[in-house]
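Hi everyone, thanks for having me.

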Amino acid sequence: MSKNGLLTTVAYKIGDAPQVYALEGSIAVTGSLVQWLRDNLGMFEDAPDVEWLARKVEDNGGAYFVPAFSGLFAPYWRPDARGALVGLTRYVTRNHIARAALEATAYQSREVVDAMNADSGVDLTELRVDGGMVANELLMQFQADQLGVDVVRPKVAETTALGAAYAAGIAVGFWKGEEDVVANWAEDKRWTPSMDSGERDRLYRNWKKAVTKTMDWVDEDVEV
């Protein structure tokens with residue numbers, strides 16, 4: 001059981017073997033924040049364009065975007081929180097906001113990884129990623145920088161669907177067992193941390209400060 005704000009969940013169960021459990025850290029808004037910038041603010045026409053905008057600046061310009069649109073999930077579990085864009089000055093442009101939106105995913109992921117390291121007592125050595133956002137290479141590099149470990153993208157980026165296919169393949173005898181599945185995994189690309197540790201810690205410290213600005217927003221006289 002987690003003592004650091006995570007969920008305990010069944011990862012998988014193969015045949016008559018005992019079920020294998022996992023720690024899960026649910027984050028409310030990641031890729032949907034990019035969609036929000038596109039659809040609600042009209043900042044760009046296609047979701048991949050967020051990387052093109054973000055690459056036009058070297059950093060976030062002091063801006064931090066905490067997308068607590070429906071509260072904060074792991075590891076906070078604060079339904080009273082709401083989204084906030086903080087640290088704004090006249091210097092900040094839409095390019096900085098695009099970058100801050102991407103960085104928000106990396107910061108949220110780091111919070112979950114920190115909790116998992118604390119719960120398990122086993123430090124992460126590399127992060128294997130999946131889903132639509134892994135196509136964003138600026139985000140992947142920033143994720144590696146924030147975690148201080150390599151980030152690895154597999155050749156098949158839809159891990160959830162692949163896992164279901166693997167389980168079905170084992171069930172019908174297409175694969176002999178889990179060892180065959182592990183051997184079938186293949187790496188596509190790897191990102192290695194390159195950020196100075198002092199800068200890494202400064203950015204994360206400011207992110208944690210930004211998170212505190214989102215809390216206690218919903219109360220008795222504010223509609224949910």
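Quick housekeeping. What you see is a predicted model, where local features need pLDDT of at least 70 and side-chain atom pairs count only at pLDDT 80 or more, while totals for chains, interfaces and linings use all residues. Residues are numbered from 1 along each chain as its sequence is written, and side-chain values use heavy atoms, with hydrogens and water left out.

Now the overall build. There are 7 helices and 7 strands in the protein. If you walk along the sequence, the order is β-β-α-α-β-β-α-β-α-β-α-α-β-α. The radius of gyration is 19 Å, close to the 17 Å that the globule rule gives for 224 residues, so the protein is as compact as a globular protein of that length. That radius is taken over C-alpha atoms, and the rule is 2.2 Å times the number of residues to the power 0.38. Along the principal axes, the C-alpha atoms fill a box of roughly 60 × 40 × 35 Å.

How much of it is tucked away? Of the 224 residues, 39% count as buried. Buried means under 20% relative accessible area, exposed means over 50%, and partly exposed is in between, with a 1.4 Å probe and protein chains only. As for contacts, meaning heavy atoms within 4.5 Å, take those in the protein with a separation of 6 or more: 71% of them join residues 24 or more positions apart.

Next stop, helix 4, residues 137-147. How many of its 11 residues are buried? The count is 9, so to speak a mostly covered helix. Among them are Leu138, Met140, Phe142 and Gln143. The buried residues of helix 4 pack against helix 2 (49-54), helix 3, strand 5 (126-128), strand 6 (150-154), strand 7 (187-191) and helix 7 (197-212). At the start, a side-chain oxygen of Asn136 comes to within 3.3 Å of the backbone nitrogen of Leu138. That is a polar contact: a pair of N or O atoms within 3.5 Å, where within protein one must be able to donate a hydrogen and the other to accept it, and residues adjacent in sequence count only if both atoms are side-chain atoms. Just after the helix, Gly148 has a positive phi of about 75°.

Helix 3 is residues 94-120, and Asn117 is in it. The side chain of Asn117 reaches the backbone nitrogen of Leu124 at 3.0 Å. Arg110 sits in helix 3 as well. Is Arg110 buried or exposed? Buried, at a relative accessible area of 8%. Leaving out residues up to four places away in sequence, Arg110 touches Gln143, Gln146, Leu147, Arg200, Asp201 and Tyr204.

Most residues other than glycine have a negative phi, and most peptide bonds are trans. Here, though, Ala74 and Pro75 are joined by a cis peptide bond, with omega about 0°. Pro75 is in the loop between strand 3 (64-66) and strand 4 (84-86). Trp77 lies in that loop between strand 3 and strand 4, and its phi is positive, near 55°. Trp77 counts as partly exposed, at 35% relative accessibility. Asp216, in the segment after helix 7, has a positive phi of about 60° although it is not a glycine. At 58% relative accessibility, Asp216 counts as exposed.

Last one: Ala210, in helix 7. Ala210 is buried at 2% relative accessible area. Not counting residues up to four places away in sequence, Ala210 touches Tyr64, Val66 and Val86.

Methods
Helix = DSSP H or I, 4+ residues; strand = E, 2+ residues; numbered from the N terminus.
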